[in-house]
Amino acid sequence: MNGWAARQSRKAGLTAQQAQLLCTAARRKAGLGDIAEVLRCDRSNVSLLERVTLRGLARRAADTRDGRVSVLELSPDGQDIVHSFEADLAARLSRLIAGWPARKRQAAANILAALIDAIQHDRAEEDATEDNANLP
């Protein structure tokens with residue numbers, strides 16, 4: 001997956017981290033701290049963000065829940081790049097499993113859906129815990 005992502009990034013004229021930044025912002029309102037966590041870098045490493053914003057792919061905006069927090073919002077061009085990545089990945093995965101029997105494809109889809117649900121639930125619980133910890 002990392003190799004595929006790196007190739008797709010280069011095709012779009014981005015680094016792999018810039019592409020990951022866009023994909024993260026496309027999935028949820030991501031604060032700069034969240035983005036730094038996903039990219040495994042310090043939140044002070046804003047040069048990555050600045051390069052994406054200078055290209056017009058995203059912009060900083062105030063979080064609607066907390067105006068002190070900056071979030072990343074994708075521009076239409078940034079959204080187009082993310083949609084292109086997603087379409088290419090879907091086509092590639094479809095091609096890879098085309099020869100699988102329907103039962104095996106369905107089992108894989110069910111397992112992946114359950115894993116995604118578990119990750120989202122875990123993230124929501126983590127966010128709620130952090131939000132409660134920050135209450136006065």
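Tutor: One cut-off to start with: angles under 35 degrees count as roughly parallel, over 145 as roughly antiparallel, 65 to 115 as roughly perpendicular, and the rest as oblique. Keep in mind that this is a predicted model.
Student: OK. At what angle do α2 and α3 pack?
Tutor: At about 130 degrees, with their axes 10 Å apart. Helix α3 covers residues 32-39. The two helices are therefore oblique to each other.
Student: And which hand is the crossing of α2 and α3?
Tutor: Right-handed.
Student: Which residues make the contact?
Tutor: From α2, Q17, Q20, L21 and T24; from α3, I35, V38 and L39. By class, this contact of α2 with α3 has four nonpolar, three polar and no charged residues.
Student: Back to α2 itself. How many residues has it?
Tutor: Helix α2 has 12, residues 16-27. From its first C-alpha to its last it reaches 17 Å, close to the 16 Å expected at 1.5 Å a residue.
Student: Which residues of α2 are buried?
Tutor: Q18, A19, L21, L22, C23, T24 and A25.
Student: New topic. How do α1 and α5 cross?
Tutor: The axes of α1 (residues 2-11) and α5 (residues 76-97) come within 11 Å and cross at roughly 135 degrees. That makes α1 oblique to α5. The crossing is right-handed.
Student: What meets what there?
Tutor: W4, R7, Q8 and S9 in α1 meet F85, D88, L89 and R92 in α5. The contact of α1 with α5 has three nonpolar, two polar and three charged residues.

Methods: Residues are numbered from 1 along each chain as its sequence is written. This is a predicted model: local features need pLDDT of at least 70, side-chain atom pairs count only at pLDDT 80 or more; totals for chains, interfaces and linings use all residues. Side-chain values use heavy atoms; hydrogens and water are left out. Axes are lines fitted to C-alpha atoms, for helices over the stretch in contact, and angles run from 0 to 180 degrees between N-to-C directions. Helices (H or I, at least four residues) and strands (E, at least two) are DSSP runs, numbered from the N terminus. A crossing is left-handed if the near helix is turned anticlockwise from the far one by less than a right angle, and right-handed if clockwise. Contact means heavy atoms within 4.5 Å. Ala, Val, Leu, Ile, Met, Phe, Trp, Tyr, Cys and Pro count as nonpolar, Asp, Glu, Lys and Arg as charged, and the others, Gly among them, as polar. The expected span of a helix is 1.5 Å times one less than its number of residues. Buried means under 20% relative accessible area, exposed over 50%, partly exposed in between (1.4 Å probe, protein chains only).
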